[in-house]
Amino acid sequence: MNSQQISIHQEGTVGVEVSTVGVTKRFGSQTIWQDVSLTLPAGEVSVLLGPSGTGKSVFLKSLIGLLRPEQGQIYIDGTDITTCSTKELYEIRKLFGVLFQDGALFGSMDLFDNVAFPLREHTRKGESEIKRIVMEKLDLVGLTGAEDKLPGEISGGMRKRAGLARALVLDPEIILVDEPDSGLDPVRTTYISQLFLDINSQIDATFLIVTHNINLARTVPDNIGMLFRRELVMFGPREVLLTSDQPVVKQFLNGRMVGPIGMSEEKDEAQMARERALVEAGHHQGGAEEIEGIIPQMQATPGMPTRQAVARRQARVREILHTLPDAAQSAIMDSFEPVLAGTYTD
Ligand SMILES: Nc1ncnc2c1ncn2[C@@H]1O[C@H](COP(=O)(O)OP(=O)(O)O)[C@@H](O)[C@H]1O
Ligand SMILES: [Mg+2]
């Protein structure tokens, strides 16, 4: 990619595509995950699920080039960041906004200075323009009036939103979010999820949210993938994972003890048999009631621009529909109907 292409994307019209081809990450002799191939469609919201310790954070760090995989390619808008020059990587990094798990705010700076930090660091903008941008982003995340607060003076939810405002100041094309639900109650988690969809509708950025929150995975993304036992179990339209019969996926989505995932992540056949016997004898295996079918996806708040991702995704998914499992196909067809009806009655 040349720098002109990058500057076109910085106009903020369409998010960029991110894809990995057969990537493998190791630390010494420990393989974290191998042969991971997926495409985050431009401007769509994707979630990567996986038990703790499966390398979700390592995956995010690899996408921004903070960690280098041992094998495979990572294409950001067509540029392979595993082989590009340091200078190119520096330019590519400007396409990203990252919301780390704890918000990663500077404790001694108020929210204004925290959000202004990337602008002061990476741009030559004057203070009045910085102020305009910072106030705009704080407004976007609902923090107008809190700019003088220190991170220690506000709630975990507000810190996350401040971290999100900071991730947005350089007008990212790709937004990576690590465990947005950590430290938040279910209601606050839903609020921040709504914010992701609203921001997606406004700036059409490509989102990847890494989480083990099942509610979020069921209701927020266009696409879902899952990491387990050093592999990408699947990645595709949300309906594929949500209707999947794979034991590991079903166990995870229902938060149960019986299944391939154990306390120390993996378990052997003998332990699985013991646990199955317990449940057959009436022991509660944990988790809530099994949810049948697919919960509708959350939408951008009324009044927000139409999410451009929705129509693009529909066209894209129609093309691959015949390659998907039957249950996913019918769930996808069901999800299309309301959109079509809306189109015809308008
Ligand atoms: N910089 C590093 N050096 C060595 N091992 C690491 C490093 N970063 C992460 N790991 C290891 O990679 C594995 C996956 O970690 P992580 O990506 O944090 O998992 P998750 O985010 O899915 O909970 C863990 O075993 C962790 O110890
Ligand atoms: Mg993590």
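1. Packing of α6 against α7. In this predicted model, the axes of α6 and α7 cross at roughly 15° and come within 10 Å of each other. That angle makes α6 roughly parallel to α7, since angles under 35 degrees count as such. The crossing is right-handed. On the α6 side the contact is made by G157, K160, R161 and L164, and on the α7 side by R188, I192 and L195. Sorted by class, these residues comprise three nonpolar, one polar and three charged.

2. Dimensions of α6. Helix α6 covers residues 156–168, which is 13 residues. From its first C-alpha to its last it reaches 18 Å, close to the 18 Å expected at 1.5 Å a residue.

3. Burial of α6. Of the 13 residues in α6, 10 are buried, so the helix is largely enclosed by the rest of the structure. The buried residues are R159, K160, R161, A162, G163, L164, A165, R166, A167 and L168. The reader may note that charged side chains belong to this set, including R159, K160, R161 and R166. The elements that cover the buried residues include the strands β6 (96–99) and β7 (174–178). Helices α4 (111–122), α5 (127–140) and α7 (186–203) are also among them.

4. A167 as a case within α6. A167 lies in helix α6. Leaving aside neighbours within four places in sequence, A167 is in contact with G97, V98, L99, P172 and I175. Of these, G97, V98 and L99 fall within β6 (96–99), and I175 falls within β7 (174–178). By contrast, K56 stands 111 residues from A167 along the chain, and the C-alpha atoms of the two are separated by 19 Å.

5. Packing of α4 against α5. The axes of α4 and α5 come within 9 Å and cross at roughly 120°. That makes α4 oblique to α5. The crossing in which α4 passes α5 is right-handed. In α4, the residues L111, F112, V115, A116, L119 and R120 take part, and they meet I130, I133, V134, K137 and L138 in α5. By class, this contact has nine nonpolar, no polar and two charged residues. On the spacing of such contacts, an α-helix has 3.6 residues a turn, so residues three or four places apart point the same way.

6. Helix α11. Helix α11 (residues 269–280) has 12 residues, which should span 16 Å at 1.5 Å a residue; its end C-alpha atoms are 16 Å apart, which agrees. The number of buried residues in α11 is zero, so this helix lies largely in the open. G282, which follows α11, has a positive phi, near 105°.

7. L89 in α3. L89 lies in helix α3 (residues 86–93). L89 counts as partly exposed because it has 16 C-beta neighbours inside 10 Å. Leaving aside neighbours within four places in sequence, L89 is in contact with G65, I81 and C84. I64 is 25 residues from L89 in sequence, and the two lie 8.5 Å apart in space, C-alpha to C-alpha.

Methods: Residues are numbered from 1 along each chain as its sequence is written. Chains are lettered from A and ligands numbered from 1 in the order in which they are written. This is a predicted model: local features need pLDDT of at least 70, side-chain atom pairs count only at pLDDT 80 or more; totals for chains, interfaces and linings use all residues. Helices (H or I, at least four residues) and strands (E, at least two) are DSSP runs, numbered from the N terminus. The expected span of a helix is 1.5 Å times one less than its number of residues. A residue is buried if 20 or more other C-beta atoms lie within 10 Å of its own, exposed if 12 or fewer, and partly exposed in between; C-beta atoms are placed from the backbone. Two residues are in contact if their C-beta atoms, placed from the backbone, lie within 7 Å. Axes are lines fitted to C-alpha atoms, for helices over the stretch in contact, and angles run from 0 to 180 degrees between N-to-C directions. Angles under 35 degrees count as roughly parallel, over 145 as roughly antiparallel, 65 to 115 as roughly perpendicular and the rest as oblique. A crossing is left-handed if the near helix is turned anticlockwise from the far one by less than a right angle, and right-handed if clockwise.
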